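Visitor: I have a protein model open and I would like to learn how to read it. Could you take me through it feature by feature?

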Amino acid sequence: MDANIDDKSESRLYIGNLDLRITEAALLKMFSPYGKIISEDFLWHTRGPKRGEPRGFAFIQYSTKEEAELAKEKMHGRFACGRPLVVRLAGEKCLLETADKSTKAASEGHKMLLIGGGGAMGQTSRTAKIAAIKNKLKSLEEESSRTKRQKQSDNIY
């Protein structure tokens with residue numbers, strides 16, 4: 001069973017940075033030349049003031065890994081409604097986010113956690129949100145103290 005799950009993730013694409021004017025039909029039309037699409041998940045806001053509006057990303061499942069890789073190669077960075085599409089294997093998205101969190105981009109991740117709407121981000125526990133705020137404050141304080149030290153050392157010379 002695990003091999004089957006891996007095969008699915010290798011042929012499933014994440015499509016991000018979608019302009020809100022792009023419809024499901026337009027998305028399918030853009031991606032169908034590269035292979036047989038077996039499923040598509042176009043994500044919508046399910047609550048809040050943007051309820052019913054597109055969330056700006058989707059997932060497309062191709063029948064083979066090769067089709068998904070071809071679509072990724074051809075469509076990543078291509079402009080649609082004036083915005084460059086972000087296309088990557090769905091499994092890669094998770095790996096990239098994990099790698100980002102271990103670098104200085106961690107503060108960006110916390111910002112996303114606090115302002116992210118709906119979905120898993122919206123269901124984040126209060127404790128996790130507080131921890132994210134504390135981490136952000138800590139990084140800002142460290143940055144501020146580094147700047148002060150730099151100014152003091154500049155004044156010494």
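Guide: Helices (H or I, at least four residues) and strands (E, at least two) are DSSP runs, numbered from the N terminus. This chain has seven helices and six strands. Their order along the sequence is α-β-α-β-β-α-β-β-β-α-α-α-α.

Visitor: Before we go on, what kind of model is this, and how are residues numbered?

Guide: This is a predicted model, in which local features need pLDDT of at least 70 and side-chain atom pairs count only at pLDDT 80 or more, while totals for chains, interfaces and linings use all residues. Residues are numbered from 1 along each chain as its sequence is written, and side-chain values use heavy atoms, with hydrogens and water left out.

Visitor: What share of the residues in the chain is buried?

Guide: First the scale: buried means under 20% relative accessible area, exposed over 50%, and partly exposed in between (1.4 Å probe, protein chains only). Of the 157 residues in the chain, 24% are buried.

Visitor: Which residues have the most contacts inside the largest nonpolar core?

Guide: In soluble globular proteins, nonpolar side chains tend to be buried together. A nonpolar core is a set of buried Ala, Val, Leu, Ile, Met, Phe, Trp, Tyr and Cys residues joined through side-chain atoms within 4.5 Å. The largest one here has 18 residues, and L13, I15, L18, L27, F31, Y62 and L85 have the most contacts inside it. Two or more core residues come from each of strand 1 (12-16), helix 2 (24-31), strand 3 (54-62), helix 3 (65-75) and strand 6 (86-89).

Visitor: What does I15 touch, leaving aside neighbours within four places in sequence?

Guide: Contact means heavy atoms within 4.5 Å. With those neighbours set aside, I15 is in contact with L27, F31, G56, F57, A58, F59, I60, L85, V86 and V87. For the whole chain, take the contacts with a separation of 6 or more: 61% of them are between residues 24 or more positions apart.

Visitor: How many salt bridges are there?

Guide: A salt bridge is a side-chain nitrogen of Lys or Arg within 4 Å of a carboxyl oxygen of Asp or Glu. By this rule there are three. One joins K65 and E10, whose closest N and O atoms are 3.8 Å apart. K65 lies in helix 3 and E10 in helix 1 (residues 2-10), so this pair ties together parts that are 55 residues apart in sequence.

Visitor: And the other bridges?

Guide: R12 and D41 form a salt bridge between their side chains, at 3.1 Å from N to O. R12 is in strand 1 and D41 in strand 2, so the pair links parts 29 residues apart in sequence. D19 and R21 also form a salt bridge, at 2.8 Å from N to O.

Visitor: Are D19 and R21 buried or exposed?

Guide: D19 counts as buried because its relative accessibility is 12%. R21 has a relative accessible area of 60%, so R21 is exposed.

Visitor: Where does N17 lie, and what is its phi near?

Guide: N17 sits in the loop between strand 1 and helix 2. Its phi is near 60°, a positive value in a residue other than glycine. C81 is another non-glycine residue with positive phi, about 55°, and C81 is in the loop between strand 4 (79-80) and strand 5.

Visitor: How are R83 and N17 placed in sequence and in space?

Guide: They are 66 residues apart in sequence and 6.9 Å apart in space, C-alpha to C-alpha. A polar contact is a pair of N or O atoms within 3.5 Å; within protein, one must be able to donate a hydrogen and the other to accept it, and residues adjacent in sequence count only if both atoms are side-chain atoms. The side chains of R83 and N17 make such a contact, at 3.4 Å. R83 belongs to strand 5 (residues 83-84).

Visitor: Where is H45, and is H45 buried or exposed?

Guide: H45 is in the loop between strand 2 (37-44) and strand 3. With 17% relative accessibility, H45 counts as buried. Beyond residues up to four places away in sequence, H45 touches K50, R51, G52, E53, P54 and R55.
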